[in-house]
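Here is a short report on a protein model, written to be read beside the structure. Keep the viewer open as you go.

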Amino acid sequence: MNKEALQGIRILDFTWLLAGPYATRTLADFGAEVIKVQSEKTASGAEDNTTGYFNTWNRGKLSITLNMSHPQARNIVLKLVKISDVVIENFTPRVMPNWGLSYNKLAEVKPDIIMLSMSAMGQTGPWRDFAALGHTIQAFSGITYLTSFPYKIAPPSPGNDGGQTGQILPLGLGYAYADPVAGLFAVFTVLAALEYRDKMGQGQHIDISEYEAFCSSLGVAILDHTVNDNIASPQGNNPGRSQAAPYGCYRCQGDDRWCVIALSTEEEWQAFCQVLRYPAWSKEERFSNFSARKRHVPELDKLIEEWTIKHTPEEVMGLLQEAGISAGVVENVKDLANDPQLIARKFFLQIEHPVLGKSVSDNTPIKLSRTPARIRGAAPLLGQDNDYVYRGLLGMSEEEVSRYIGEGVIC
Amino acid sequence: MTKKTLNLLEGLQILDLTDEKAVFCSKLLADLGAEVIKIERPGGDSSRWLGPFWKNSPHPERSLSFWYNNSSKLGITLNLEVKEGQEIFRQLVNKTDVIIETFPPEYAKKLKLDYQSLVEINQRLILASITGFGQTGPYRQYKSCDIVASATGGQMYICGAPDTPPLKPYGEQSYFVASLFAAIGILVALRERHQSGKGQHIDISLQEAVAATLGHVFTRYFYDGAVSQRQGYYDRDGSFCLLPCQDGYIFLTIDREWDILVNLLDNEGMAEDLKDNRWQDSQYRRQHFDHVVEMLTRWTKRHTRAQLFLLGQLMRLPWAPVNSLPEMVNSIQLSERNYFVPVEHPELASSEGQGKRRPSRPLPNKGGSLGGPPLPGGGPHPPNPISVEGREGREVGDKPLRYHYPGVPYVMTGKYMMRRAPLIGEHNTQIYQERLGLSSEDLKRLKANKVI
């Protein structure tokens, strides 16, 4: 059996909520030893070890308890830093320095330590202490505003006449997408820093701003502004810069069932007409070539919907894909859980948790042929690895551990 | 003490055969200093025709999407569909660490660009393949693009409002996250290779990349059986909403901060019945959410985004203005952190462009400019308490032909790069002559035969 790709990398994990734990989970998936620092005093809500959320984002990690507000905790952390490769945290920037655990302090005991600090706005700048959720970052970045339809839609409530003033209402993303994005940048930069450390013998402090991480998903629109002064506007499901027609999201048979279709070549148009068995309208002048179709999008879409509405989205996708046309079911989470492609590729895995029992989780989408991710198991129970870490790794005696527990340091 | 610094990924050699699906992956690595050689077909890659364009005029050297996604790379042209081109390619494969490609699996096999064929040339090779549905499974031959990945990955269904069709998020988010996953896979495989001396094949599916970034959607389903729906302006669980202000929209969280919120309304005499005890119950609020929204909207509409946002941040509430793109670009936080970096475009004639436009410094705070000063009470922070070595300081000079790009979203020690995207075949001589030792006669012949 091959060794795991990140075997031998030890990560001291101070992360919480979503972005940070998502990052350390990815590293654990590939064999890094992730030691999550928790405390009985703070392990509630998203950090309650026996919830589905916690189990999802913390699988395969170890857990120790350490009361960071106790003055003796710091020394234990420094001992752990000495035997770790990486420290990752996603507090607001003041927290680690307040504990006496700034990068400089860590580097004093372990010169080549890699510390990654991820916060909403980064470690510097006038907004560094801002509070933010994934949705906050999305609103700041412009994507909440830009993810909407390019026309006014019904106002959301009696008190809101946004629709009547002709404003485009922002809709935004229905989930905290900015968090996993920031987490991915964290994993990426930690791995790059490990490469650098091995080559140069130097550790470093990585400073990730969730805001900047997310803005980089809008790079082309930003450049269009800084270069051309153009101002991006909501596009709905229009093809935007790619040239395509028909293109969009079409209603299918069933309740709230949809399929997307995207054609970009004349060849695909011919194949499309064939799948629809050449309805009379398909031969009309106004749809005869790409630019004509582009000029008659609303009529074209209406006619296509008359066809899609008679089929399930799975049928539409199957018929069109078999004919060489890009199409896809608009899947809700239940569709995803039953998606034959995802199932065939083992995108879901079952994990046995001592309290929660059997549960399903999404696997990593990073598929390596020789050293694939190997999920070690469920998320840890609170402090379940105290023995291994304190006595095994740090070599504390039983008395020492008892004393720390008695004094409220390990708890 | 000054330590020697190198590019973070100094020495890592990458051949880039990607289309728009993963062109950002090789950019991520190139910006960290890996040597990325982008291989385009003779005449230039089709992605050079993707808009928007410099000065809005379509031209293969003026695609801003090409510029952004190919910064810091080298560029050569090579026809992989002819024998001579394939032979040259094999020589390049022999010298490279990583190949990143986005071909349909069958096409790759036909051109002997599949992993089995390539590993015979170089067993240390790491190959990253990014396709719509992955290399295996019943849909592996299916076509995809951003909207198909967004739909099949579960993103579209939960974006939009209950009364609208599903909505694709702005930009090309599936390409963006698939590129990030692929780049991580490459660095993981690289670390492993230090031990084993062997490369491997990385198989990334756009569908899975999207599905793997859905936050709590799977957790809610697998543990609570909840199927996330489109909710648009506000979260039906009552935890947040987007509400209209005098000058746009504000993102408000309203669940845990209920008491603070009622106090804020009450200060302006607008809390009315929300002060009643029954509204303390979050269950009750959820059931009567329309009333909550109506009351809050009356209040938010009396204010600007900046007023509410600063008020919220003062109370440490994670509120934010719903920014337009220029508002984001001009935010003081990004400029103070030197997020934007100047990139030279010397080949664009100076007569043609001013080359100016860096994000303008925010105006002084005129009663609530969003780019305004830090929080009242928060006080200005000393600039850059940690090292920002590697992040170039802003160049203020108005030299022509320099544009401000979004830079790397992290601050690290070690150098990173940001060089403009290559011109068509710009590094042919450098790579073919210096690297492969071809003569200038060889190059002439290859050019005549349309191989390069």
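## Helix pairs: how the angle is taken

Helix axes are lines fitted to C-alpha atoms over the stretch in contact, and angles run from 0 to 180 degrees between N-to-C directions. Two packed helices are described by the angle between their axes and the distance between the axes. The model is predicted.

## α1 and α8 in chain A

Start with helix α1 of chain A, residues 19-29, and helix α8 of chain A, residues 178-200. Their axes come within 8 Å and cross at roughly 45°. That angle is why α1(A) counts as oblique to α8(A). The crossing of α1(A) and α8(A) is right-handed.

Which residues meet here? From α1(A) come A19(A), G20(A), Y22(A), A23(A), T26(A) and L27(A). From α8(A) come D179(A), P180(A), A182(A), G183(A), A186(A) and V187(A). Sorted by class, this contact of α1(A) with α8(A) holds eight nonpolar, three polar and one charged residues.

## α1 and α7 in chain B

The axes of α1(B) and α7(B) come within 7 Å and cross at roughly 50°. That makes α1(B) oblique to α7(B). The crossing of α1(B) and α7(B) is right-handed. On the α1(B) side, the contact uses F24(B), C25(B), L28(B) and L29(B). On the α7(B) side, it uses Y175(B), F176(B), S179(B), A182(B), A183(B) and I186(B). The residues of the contact of α1(B) with α7(B) are nine nonpolar, one polar and no charged.

An α-helix has 3.6 residues a turn, so residues three or four places apart point the same way. Helix α1 of chain B spans residues 23-31 and is mostly covered, with nine of its nine residues buried. The buried residues of α1(B) include the polar S26(B) and the charged K27(B) and D31(B). Just after α1(B), G33(B) takes a positive phi of about 100°.

## D16 in chain B

D16(B) sits in strand β1 of chain B, residues 13-17. Is D16(B) buried or exposed? D16(B) counts as buried because 26 C-beta neighbours lie inside 10 Å. The cut-off for buried is 20 or more.

Set aside the neighbours within four places in sequence. D16(B) is then in contact with S26(B), V36(B), I37(B), K38(B), I39(B), K73(B) and I100(B). One of these, S26(B), belongs to the buried residues of α1(B). H345(B) is 329 residues from D16(B) in sequence, and the two are 22 Å apart in space, C-alpha to C-alpha.

## Chain A: overall layout

Chain A has 18 helices and 12 strands. Its C-alpha trace spans about 85 × 50 × 50 Å along the principal axes. Of its 411 residues, 55% count as buried. Among contacts in chain A with a separation of 6 or more, 70% come from residues 24 or more positions apart.

## Domains

In chain A, the domain assignment gives domain 1 as 10-133 + 177-215 + 361-406 and domain 2 as 247-337. The C-alpha centres of these domains of chain A lie 47 Å apart. In chain B, the assignment gives domain 1 as 13-215 + 422-448 and domain 2 as 240-322. Here the centres lie 46 Å apart.

## Where the chains meet

How many residues of chain B are in contact with chain A? The count is 142 residues of chain B, in contact with 137 residues of chain A. Helix α7 of chain B, residues 173-196, gives the most to the side of chain B that touches chain A, with 15 residues. That side of chain B divides into 86 nonpolar, 37 polar and 19 charged residues.

Helix α10 of chain A, residues 219-228, is mostly covered: nine of its 10 residues are buried. Among them are V220(A), I222(A), L223(A), D224(A) and H225(A). The cover over the buried residues of α10(A) includes α9 (210-215) of chain A. It also includes α2 (64-69), α14 (325-329) and β11 (402-406) of chain B. After α10(A) comes D229(A), whose phi is positive, near 70°.

Key
Residues numbered from 1 in each chain as written. Chains lettered and ligands numbered in written order. Predicted model: local features only at pLDDT ≥ 70, side-chain atom pairs only at ≥ 80, totals over all residues. Domains from an automatic or database assignment. Buried ≥ 20, exposed ≤ 12 C-beta atoms within 10 Å, placed from the backbone. Helix = DSSP H or I, 4+ residues; strand = E, 2+ residues; numbered from the N terminus. Parallel < 35°, antiparallel > 145°, perpendicular 65-115°, else oblique. Left-handed = near helix turned anticlockwise from the far one by under 90°. Contact = placed C-beta atoms within 7 Å.
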